[in-house]
Amino acid sequence: MKSNVFILLTAFKTGHKYILPIINGAVHRNIQLSRSYSQDRSHADVTSVTAIISDYDERQYEENVKSQILQKALQFVTHSGWTTESLTAGAEAAGYPGITHGLFPNGGGDLVHYFNVQCNENLVDQMKTWPKEDLKESNVPTKFIENSIMARLLMIEPYKNTWPKAMAIQALPNNVPNCLATLLSLVDDICYHSGDRSVDFNWYLRRVGLAGIYKATELFYLTDKSNNNVSTRNFVTSRVRDAQLLQSALKLNPITTAPQTLTAAFVTV
Amino acid sequence: MSLRRLLCKLIRDRSLTYNVLKTRALSSQSSDRSSDSDTSRQTHFGFQSVNEDEKWKKVHEVFETVADKYDLMNDAMSFGIHRIWKDIFMARLAPTHGTKLLDMAGGTGDITFRYINYLKNLGPAPDNKSSSVTVCDINQAMLDVGKVRAQRQGFTEACGVNVQWLCGDAENLQLPDESFTAYTIAFGIRNCTHIDKVLEEAYRVLTPGGRFMCLEFSHIPNETLQWVYDQYSFQVIPVLGQLLAGQWRPYQYLVESIRQFPNQEKLKGMIENAGFRQVTYENLTFGTCAIHSGFKI
């Protein structure tokens with residue numbers, strides 16, 4: 001009841017406001033304008049919705065063509081490296097002319113990125129199937145982390161000869177963002193699947209630490225000539241142990257307890 | 001005092017230029033689409049409105065008169081930067097052995113020679129792949145200049161690339177469907193009456209996976225730089241034309257047609273409308289020029 005009265009009042013108020021300009025003839029035009037605008041908008045909404053859908057399809061189609069070419073290009077990496085040449089050969093293998101390599105303005109960088117993304121996805125699929133017993137054994141799932149790092153590294157095996165070049169390409173300034181993004185998603189996936197659900201500062205520490213371990217191991221792996229990559233595995237094991245030691249040392253350190261003391265102080269105040 | 005008068009004049013000129021710009025549609029499509037008779041269809045030739053048939057003739061005249069001084073004037077007007085633009089253009093195309101290029105509006109061979117050089121630098125071609133280039137221009141006078149230059153600079157059969165010279169209209173190519181893997185048009189699309197038809201023809205003659213690339217004058221997004229550029233274009237370039245080539249009108253037309261040409265985003269939209277995918281553009285020298293690229297995939 002009250003609200004009805006209020007609406008009436010406001011209607012009267014606003015109506016009153018509009019009466020004057022109507023006499024002047026100015027609002028008449030305004031109303032027309034607003035009408036045509038609203039019509040336009042409804043039109044635009046309809047077209048934009050269909051546009052979004054077709055846009056999505058279009059992009060999907062383009063992505064499909066691209067990944068098809070990149071997939072084929074990987075076959076030529078052992079022969080011609082992470083280069084535009086491989087992309088050209090890949091495009092030709094996918095049934096396009098060589099000039100289609102222009103789809104990848106970053107050249108080898110795009111190819112390396114594609115490979116990294118592919119490997120990360122593979123690793124996630126693998127990790128999902130791994131038994132969960134490893135995770136329960138102790139506070140830190142060392143076995144799981146070691147296994148995942150090794151599994152990921154062994155995906156590079158077919159391209160081991162050309163991988164130093166790929167690492168160099170990743171370090172080029174225009175490829176650094178992509179490289180860091182794939183590295184982050186890799187360590188994030190490993191942390192998540194190893195049971196990390198932290199929401200505090202440890203979240204960052206674990207990921208940065210793991211990224212460090214992964215990159216160090218990658219470098220070690222490049223020069224590892226041992227049978228079955230035993231040395232690399234030992235290397236990972238000792239790095240993970242180092243990280244564990246570091247963590248326990250930090251826990252003992254009074255500095256780490258300082259923030260807690262501070263919060264406690266604030267809470268009591 | 002005189003300085004102040006000059007400044008006033010410049011400012012007045014500037015606003016005049018902009019008014020002209022604002023009032024005219026930035027497209028080369030006929031402004032009178034609804035009319036039935038062909039003769040009354042209007043398009044623009046610089047800032048003038050002319051019949052569509054006339055534009056073709058007028059453009060033809062322009063290039064017939066400037067053909068022999070074309071390269072000299074390009075160097076003079078752009079301080080030689082047009083060479084760098086074309087080099088960048090070819091680097092972006094990055095042709096490979098086996099590419100079949102249609103160099104549209106490539107009369108004097110600037111793009112073709114860079115293409116041949118690029119392929120030469122790639123090393124010897126494998127036996128099963130042979131590259132070719134078809135230089136196509138609407139104007140025989142420009143093609144003649146190109147042929148002479150090709151002989152003088154040693155781009156003959158011996159360089160391993162099959163070169164053909166063809167006189168034809170970009171809007172109506174006498175070439176079979178899907179016969180080229182790359183299509184380039186450098187500083188040519190602006191002079192065509194129907195850009196959409198040119199793009200359709202480009203799409204038609206390209207094989208799936210083929211690349212369309214266009215190098216063309218474009219619009220500078222920065223107002224101040226645009227003003228400087230306008231001053232240079234309208235006050236200096238026609239004078240240079242008069243002094244070096246003995247022609248004022250063709251260079252007046254040149255700068256006016258640049259202003260009439262669609263800007264980067266609009267041309268990108270037109271290329272997409274023709275069916276090309278992955279359409280991107282890159283500005284050169286603050287947007288004086290732009291390289292547009294699209295794929296038929």
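Trainee: What is the handedness of the crossing where α7(A) passes α10(A)?
Mentor: Right-handed, meaning that the near helix is turned clockwise from the far one by less than a right angle. This is a predicted model, in which local features need pLDDT of at least 70, side-chain atom pairs count only at pLDDT 80 or more, and totals for chains, interfaces and linings use all residues. Residues are numbered from 1 along each chain as its sequence is written, chains are lettered from A and ligands numbered from 1 in the order in which they are written, and side-chain values use heavy atoms, without hydrogens and water.

Trainee: At what angle do α7(A) and α10(A) cross?
Mentor: Roughly 45°, and their axes come within 11 Å. Axes are lines fitted to C-alpha atoms, for helices over the stretch in contact, with angles from 0 to 180 degrees between N-to-C directions. That makes α7(A) oblique to α10(A); under 35 degrees counts as roughly parallel, over 145 as roughly antiparallel, 65 to 115 as roughly perpendicular, and the rest as oblique.

Trainee: Which residues make that contact between α7(A) and α10(A)?
Mentor: A:I145, A:I149, A:R152, A:L153 and A:L154 of α7(A), against A:L210, A:I213, A:Y214, A:T217, A:E218 and A:Y221 of α10(A). Contact means heavy atoms within 4.5 Å.

Trainee: How many residues of α7(A) are buried?
Mentor: 10 of its 13, where buried means under 20% relative accessible area, exposed over 50% and partly exposed in between (1.4 Å probe, protein chains only). Among them are A:F144, A:E146 and A:R152.

Trainee: And why does A:S148 count as buried?
Mentor: Because its relative accessibility is 0%. A:S148 sits in helix α7 of chain A and touches A:L123, A:M127, A:W130 and A:I190, leaving aside residues up to four places away in sequence.

Trainee: New topic, chain B. How far apart are the axes of α8 and α9 there?
Mentor: 8 Å, with a packing angle of about 155° between residues 223-245 and residues 249-260. The two helices, α8(B) and α9(B), are therefore roughly antiparallel to each other. The contact of α8(B) with α9(B) has 9 nonpolar, 4 polar and 3 charged residues. Ala, Val, Leu, Ile, Met, Phe, Trp, Tyr, Cys and Pro count as nonpolar, Asp, Glu, Lys and Arg as charged, and the others, Gly among them, as polar.

Trainee: Back in chain A, what does α8(A) meet in α10(A)?
Mentor: A:K215, A:E218, A:L219 and A:L222, reached from A:W163, A:P164, A:M167 and A:Q170 in α8(A). Their axes are 10 Å apart at about 145°.

How values were computed:
Helices (H or I, at least four residues) and strands (E, at least two) are DSSP runs, numbered from the N terminus.
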